[in-house]
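Please keep the sequence and the coordinates open while reading.

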Amino acid sequence: MTILLLVEPLLENYTDLPAAIRAGAKHVALADNLAVGGTTVSKGVMAEAVRYAHEHQVSLDLIIAPRGGNIPYNGVEIKMMEADLLEAQQLGVDGAIFGALTDQHQLDVEVLSTLIAAAGGMTLTFGQAFDEIRPQDRGTALDWLASQGVDRVLSAGTASDDRQADWVASKRLADADGVTLVPANVTAADAQQVADDLHVNLVYGQRVLKF
């Protein structure tokens, strides 16, 4: 099976959404506070972004996170994320991007099960917390994510010089589970090379792209 490399703009708040759509984006992701990795936008921003995106036949994903970092979320933060997901679902958001790990860098399956249930009907993407999972544990993690209906996983690769090799290894595991690995932090200039190296097709129609 050929997996598509989906290159989409990750936008900060509503400000850049109209420009991204004018540039040809058909699928965008939205967050606030990108300096800390992205947090959930406000209800007002969420509602207006969904309205504008859908008026222009563009699908919208939201990062769901109460703060920067993924390890671990406390009870209050989980309630916040669940409430944001339910709000997003009611407003018609197309997809949710989130992750949750234990302090041992394993999937927090209890938290994730709660969030997945709250996101019913939306496409699911596991965020860059994936890169914090040890390589030897990623296969098991992907097995579980696939069984829960997660469609995609974001990965910026390891901190080593050879993130390409890390992507190749992770993509092999993801392919086995029918999950799409989406390389993160790929610039427009590098997108085609990444697609060639991973032997995938490139779905690309935007200007400056970063996940």
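**Overall make-up**

The protein chain has seven helices and nine strands, and the model that shows them is a predicted one. Of the 211 residues in the chain, 48% are buried.

- Seven strands form an open sheet with parallel pairing, in the order E2-E3-E4-E5-E6-E7-E8.
- Strand E2 (10–12) and strand E8 (180–183) stand at the edges of this sheet, and because each has a single partner strand, one side of each is left without a neighbour in the sheet.
- From one strand to the next, the twist averages 30°.
- Strand E6 (residues 123–126) runs parallel to strand E7 (residues 152–155) and is joined to it by two bridges, with Thr125 having Arg152 in E7 as its bridge partner.
- E7 is in turn joined to E8 by four bridges, again in a parallel arrangement, and here Arg152 stands opposite Thr180 in E8.
- In a regular strand, side chains alternate between the two faces of the sheet. In E8, Thr180 and Val182 point one way while Leu181 and Pro183 point the other way, and all of these residues are buried.

**Core and packing**

- The largest nonpolar core contains 59 residues, and those with the most contacts inside it are Leu62, Leu85, Phe98, Leu107 and Phe126.
- Helix H2 gives the most to this core, contributing six residues.
- H2 (residues 43–55) lies across strand E3 (27–31) and strand E4 (59–63), and runs at about 160° to E4.
- Leaving aside neighbours within four places in sequence, Leu107 is in contact with Ala100, Leu101, Thr102, Leu112, Phe126, Ile133, Ala141, Trp144 and Leu145.

**Helix H6**

- Helix H6 (residues 163–177) has 15 residues, which at 1.5 Å a residue should span 21 Å, and the expectation agrees with the model because the end C-alpha atoms of the helix are 21 Å apart.
- The buried residues of H6 are Asp166, Trp167, Ser170, Lys171 and Ala174. Seen down the helix axis, these buried residues fall within an arc of 130°, so they line one face of H6.
- The face of H6 turned away from the buried side carries the exposed residues Arg172 and Ala176.
- After H6 comes Gly178, whose phi is positive, near 75°.

**Arg138 in helix H5**

- Arg138 is found in helix H5 (residues 138–147).
- Is Arg138 buried or exposed? With a relative accessibility of 3%, Arg138 counts as buried, because the cut-off for that class is under 20%.
- Not counting residues up to four places away in sequence, Arg138 touches Phe130, Asp131, Ile133, Thr158, Asp166, Ser170 and Leu173.
- Although Arg138 and Leu173 are 35 residues apart along the chain, their C-alpha atoms are separated by 7.7 Å.

Definitions and conventions
Residues numbered from 1 in each chain as written. Predicted model: local features only at pLDDT ≥ 70, side-chain atom pairs only at ≥ 80, totals over all residues. Heavy atoms only, no water. Pairing = 2+ DSSP bridges. Axes fitted to C-alpha atoms, helices over the stretch in contact; angles between N-to-C directions. Contact = heavy atoms within 4.5 Å. Core = buried A, V, L, I, M, F, W, Y, C linked by side-chain atoms within 4.5 Å. Buried < 20%, exposed > 50% of the residue type's maximum accessible area, 1.4 Å probe, protein only. Expected span 1.5 Å × (residues − 1). Arc of directions from axis to C-beta.
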